[in-house]
Amino acid sequence: MRIVGLAEPDRDRREAAQARFGIDSGFTDVGAMLEATKPDLLDIATPPATHFDLVRIAADLGVHCISQKPLAPTLQEAVALVELAERAGIRLAVHENF
């Protein structure tokens, strides 16, 4: 597996992560990153309140997602995320990254 891009709005944090993990491409916007890098998978390691929008952006571009848990702040939003992924034909997985 190869990391093809990193999206982080904060320049210092983005550049530090790029240097630490050897990631060539850094972006301030997830959509721009996905369009430019065309990855097989988006790993979502952000607060749960952001997951729905990030999965929606990825789904619109046909990018599979793996998301930190909890998947969403509410059960209704989690169900909506699963339904969104199903309609878009993408895989959506949930994991805990320790």
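Where is the place of proline 70? Proline 70 sits in the loop between E4 and helix H4 (75–88). The views below show a predicted model, in which local features need pLDDT of at least 70, side-chain atom pairs count only at pLDDT 80 or more, and totals for chains, interfaces and linings use all residues. Residues are numbered from 1 along each chain as its sequence is written, and side-chain values use heavy atoms, with hydrogens and water left out.

**View 1. The whole chain has four helices and five strands.** From the N terminus, the elements run β-α-β-α-β-α-β-α-β. Helices (H or I, at least four residues) and strands (E, at least two) are DSSP runs, numbered from the N terminus. Along the principal axes, the C-alpha atoms fill a box of roughly 35 × 25 × 20 Å. The radius of gyration is 13 Å, which agrees with the value near 13 Å for a compact globule of 98 residues. That radius is taken over C-alpha atoms, and the globule rule is 2.2 Å times the number of residues to the power 0.38. Of the 98 residues, 34% are buried. Buried means under 20% relative accessible area, exposed over 50%, and partly exposed in between (1.4 Å probe, protein chains only). Among contacts (heavy atoms within 4.5 Å) between residues at least 6 apart in sequence, 47% join residues at least 24 apart. The accessible surface of the protein chain is about 6500 Å² (Shrake-Rupley method, 1.4 Å probe), and carbon and sulfur atoms hold 52% of that surface.

**View 2. Three strands make an open, parallel sheet in the order E3-E4-E5.** Strand E3 (41–44) and strand E5 (92–95) are the edge strands, each pairing on one side only. From one strand to the next, the twist averages 15°. Two strands pair if DSSP finds at least two bridges between them. E3 and strand E4 (residues 64–68) pair in the parallel sense over four bridges. Aspartate 43 stands opposite isoleucine 66 in E4.

**View 3. Helix H3 (residues 51–60) lies across E3, E4 and E5.** H3 runs at about 175° to E3. Axes are lines fitted to C-alpha atoms, for helices over the stretch in contact, and angles run from 0 to 180 degrees between N-to-C directions. E3 has a covered face, Leu42 and Ile44. Its uncovered face holds Leu41 and Asp43.

**View 4. Serine 67 lies in strand E4.** Serine 67 counts as buried because its relative accessibility is 0%. Its side chain makes a polar contact with the side chain of histidine 51, at 3.1 Å. A polar contact is a pair of N or O atoms within 3.5 Å; within protein, one must be able to donate a hydrogen and the other to accept it, and residues adjacent in sequence count only if both atoms are side-chain atoms. Neighbours within four places in sequence aside, serine 67 is in contact with Ile44, His51, Ala93, Val94 and His95.

**View 5. A cis peptide bond joins lysine 69 and proline 70.** Omega is about 0° at this bond.

**View 6. Lysine 38 is found in the loop between helix H2 (30–37) and E3.** Its phi is near 45°, a positive value in a residue other than glycine. Is lysine 38 buried or exposed? Lysine 38 is exposed, with a relative accessible area of 63%.
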